[in-house]
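Please read them with the coordinates open.

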Amino acid sequence: DVRHMIPRFQGENFAKQIKMVEELEALAKAKGCTAGQPSLAWLMAQGDYILPIPDVSTLFDLLGGEKC
């Protein structure tokens with residue numbers, strides 16, 4: 001795992017990353033979905049030229065993203 005060498009995952013920057021994750025988790029909880037679902041929805045809203053490839057274990061997991 002090389003994240004310990006990347007500046008965004010060190011010191012004060014790491015604390016900022018954690019805060020963003022907590023905010024994303026709160027947003028997802030308010031919408032009744034997982035943190036990954038609004039992330040995927042945001043990515044898909046960026047344009048038709050973006051093709052996200054989510055890592056899901058079942059078709060049900062993939063279709064669950066519709067509620068976000």
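This is a predicted model: local features need pLDDT of at least 70, side-chain atom pairs count only at pLDDT 80 or more; totals for chains, interfaces and linings use all residues.

The points below go from the overall fold to single side chains.

1. Fold. The chain has three helices and zero strands. Along the sequence the pattern is α-α-α.

2. Burial and contacts. How much of the chain is buried? Of its 68 residues, 10% count as buried. Take the contacts between residues at least 6 apart in sequence: 35% of them join residues at least 24 apart.

3. Nonpolar patch. Which residues form a nonpolar patch on the surface? They are Val-2, Met-5 and Ile-6, and together they have about 270 Å² of accessible area. Met-5 sits in the segment before α1, the helix that covers 11-31. Its relative accessibility is 54%, so Met-5 counts as exposed; the cut-off for that class is over 50%.

4. Geometry of α1. This helix has 21 residues. From first C-alpha to last, α1 reaches 31 Å. That is close to the 30 Å expected at 1.5 Å a residue. Just after α1 comes Gly-32, with a positive phi of about 75°.

5. Salt bridges, overall. A search of the whole structure finds two. Side chains of opposite charge can pair when their charged atoms come close. Both pairs are taken in turn below.

6. Glu-12 and Lys-16. These two form a salt bridge, and their closest N and O atoms are 3.4 Å apart. Why are they separated by about one helical turn? Because they are four residues apart in helix α1. An α-helix has 3.6 residues a turn, so residues three or four places apart point the same way. Glu-12 counts as exposed because its relative accessibility is 58%. Lys-16 has 46%, so Lys-16 counts as partly exposed.

7. Glu-23 and Lys-19. Here the side chains meet in a salt bridge at 2.7 Å, N to O. Glu-23 and Lys-19 both lie in helix α1, and they too are four residues apart, about one turn of the helix. What of their exposure? Glu-23 has a relative accessibility of 45%, so Glu-23 counts as partly exposed. Lys-19 has a relative accessible area of 48% and is therefore partly exposed.

8. Gln-37. Where is this residue placed? Gln-37 lies in helix α2, residues 36-44. Is Gln-37 buried or exposed? At 12% relative accessibility Gln-37 counts as buried, since the cut-off for buried is under 20%. A polar atom of the Gln-37 side chain lies 2.9 Å from the backbone nitrogen of Thr-34.

9. Places to look. For the patch, go to Val-2, Met-5 and Ile-6. For the buried side, go to Gln-37 and its contact with the backbone nitrogen of Thr-34.

Conventions:
Residues are numbered from 1 along each chain as its sequence is written. Side-chain values use heavy atoms; hydrogens and water are left out. Helices (H or I, at least four residues) and strands (E, at least two) are DSSP runs, numbered from the N terminus. Buried means under 20% relative accessible area, exposed over 50%, partly exposed in between (1.4 Å probe, protein chains only). Contact means heavy atoms within 4.5 Å. Patches are made of residues with over 30% relative accessible area and no salt bridge: like charges are joined within 9 Å, nonpolar side chains (Val, Leu, Ile, Met, Phe, Trp, Tyr) within 5 Å. Accessible areas come from the Shrake-Rupley method with a 1.4 Å probe; for residues, only the protein chains shown count as cover. A salt bridge is a side-chain nitrogen of Lys or Arg within 4 Å of a carboxyl oxygen of Asp or Glu. A polar contact is a pair of N or O atoms within 3.5 Å; within protein, one must be able to donate a hydrogen and the other to accept it, and residues adjacent in sequence count only if both atoms are side-chain atoms. The expected span of a helix is 1.5 Å times one less than its number of residues.
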